[in-house]
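Reader: I'm new to this one. Could you walk me through the terms as we go?

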Amino acid sequence: GNQLLLSLFDIVNRARRDKTWQALREKARTQVPYSIADTQRQHRAIVAAIAAADPERAGATMHEHLLDIQMRLLRLTSLMPAAARPPIATSEEQKQ
């Protein structure tokens, strides 16, 4: 197996389980102009590039997808009053 890929997957999975990330992601999905169709299109393009064994296209497509997510999150946090932002979970809360 590819140990690097498995390690990266584990890191991403841990981040996705973080309560702060989950709260922010949910707000991004409901409060920022968001299209599930756009996200699905991006995911299909990433999978297609991987299936075509085209690492350059897969990397570029994934990069575009991550930039899109980053912009949505930045837009959300810059527009959201500080009091409405999700609290940052402590390391103990993240373990739960």
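**Helix 3 and its surroundings**

Author: Let's start with helix 3, residues 36-51: its 16 residues reach 22 Å from the first C-alpha to the last, close to the 22 Å expected at 1.5 Å a residue. The expected span is 1.5 Å times one less than the number of residues. Bear in mind that this is a predicted model, where local features need pLDDT of at least 70 and side-chain atom pairs 80 or more, while totals for chains, interfaces and linings use all residues. Residues are numbered from 1 along each chain as its sequence is written, and side-chain values use heavy atoms, leaving out hydrogens and water.

Reader: What makes a stretch count as a helix, and how many helices are there in the protein chain?

Author: Helices are DSSP runs of H or I with at least four residues, and strands are runs of E with at least two, numbered from the N terminus. The protein chain has five helices and zero strands.

Reader: Which residues of helix 3 are called buried?

Author: They are T39, Q42, I46 and A49. They cover an arc of only 90 degrees around the axis, so they sit on the same side of helix 3; the arc is taken from the directions from the helix axis to the C-beta atoms. Buried means under 20% relative accessible area, exposed over 50%, and partly exposed in between (1.4 Å probe, protein chains only). On the face turned away from the buried side, helix 3 carries the exposed residues R44, V47 and A51.

Reader: What makes the largest pocket a pocket, and what is its volume?

Author: On a 1 Å grid over the protein atoms alone, a pocket is an open set of points where a 1.4 Å probe fits, with protein on both sides within 12 Å along at least five of seven lines. The largest pocket has a volume of about 900 Å³, which is the space filled by probe spheres set on the points, joined across faces, edges and corners.

Reader: Which residues lie nearest the centre of the largest pocket?

Author: R16, H43, H65, L66 and I69 do, out of 25 lining residues; a lining residue has an atom within 4 Å of a point. Helix 1 (3-17), helix 2 (19-31), helix 3 and helix 4 (55-79) each give two or more residues to the lining.
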